[in-house]
Amino acid sequence: MPTQAPPGINKNSDFFSQLMRKGYYSPYPLDEVDDDSAKLLAGGLATGFLPKSRFFHRWSWLSHGVLLSITLVFTTLWARAPSIDDVVLFSPANEAVESIGIVKFNGSVDATSIYRGSPSPELDAIWDKLSFDARPVRMTLEQLLRTGEKPHPAMARYPDEYGGGYMATVEVIHQLHCLDMLRRASWGNKHYHHGDVHETGEKFRIHIDHCLDILRQFVTCSGDVNMITYDWVEGRTTPLGDFNVHRQCRNFEKVVDWVNEHRVAMPAEKMVRLDGYVDLPSLP
């Protein structure tokens, strides 16, 4: 088919000749051009850049598919990755952690419990069983490092004849000790005796404040979001909270059993400063 210039353009003009030489002009009607990417309507001209091959046309779709697949893979991995709340800090006692499922607390204001009541030798003995003895256990250097702590000269270590290692206690026993101190203080007992330690006056007050703040930090750290509902009670002008809520609990007895199995039985007089010890200048 002879090459024809579109209406309004002289076939012999320099402009038309330049279009032909540079390949920007197609002499074929639009419906005869197969490469859609080469079609461009502009003032009645069928113009376009040099046509792309089918390989590049398909490669564009293939690259989009690969990028989409990679995005889906990373999105899935991100969704399945543990959050910061799922990260468990190391403790040698982690092996004793066992869930006992959902437990309903007995939170009634006037509930009866073996842990409640005015001070008595029997009640004190029940609390002493929970918290009086720190029941220290041993941590190896490897275990100490895994907890995130670094050894320093002031850390208490067991003598080699008792197996060596670092002296430690599980936190729950310390927290129960603090609760027991607050229980005693609430009844007016302003004297604390533990082994060879006797506290009264200012030291006792500091100890109480320490326990209060430890428990505050523990409660705010755990951030319990279980819901407490309110009920109308006869004789009250405002609703009363129902503290009998459900919570996910651990087997406390199993933790205690682990502590008792791993505790280091050593007379107190044998726990002395070893060579190389450096005392801390103040309380940690």
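Author: First, a definition: buried means under 20% relative accessible area, exposed over 50%, and partly exposed in between (1.4 Å probe, protein chains only). This is a predicted model, where local features need pLDDT of at least 70, side-chain atom pairs count only at pLDDT 80 or more, and totals for chains, interfaces and linings use all residues. Residues are numbered from 1 along each chain as its sequence is written, and side-chain values use heavy atoms, with hydrogens and water left out.

Reader: How many salt bridges does the structure hold?

Author: A salt bridge is a side-chain nitrogen of Lys or Arg within 4 Å of a carboxyl oxygen of Asp or Glu. By that rule, the total is 10.

Reader: Are Arg216 and Asp213 buried or partly exposed?

Author: Their side chains form a salt bridge at 2.6 Å, N to O. Asp213 has a relative accessible area of 33%, and Arg216 has 43%.

Reader: Which helix holds both Arg183 and Asp180?

Author: These two side chains meet in a salt bridge of 2.9 Å, N to O. Both residues are buried. They sit 3 residues apart, about one helical turn, in helix H5.

Reader: How many residues separate Arg184 and Asp124?

Author: Their side chains meet in a salt bridge (3.7 Å, N to O). The pair links distant parts of the chain: Arg184 is in helix H5 (residues 171–186) and Asp124 is in helix H3 (residues 121–131). Helices (H or I, at least four residues) are DSSP runs, numbered from the N terminus. The separation is 60 residues.

Methods:
Helices (H or I, at least four residues) and strands (E, at least two) are DSSP runs, numbered from the N terminus.
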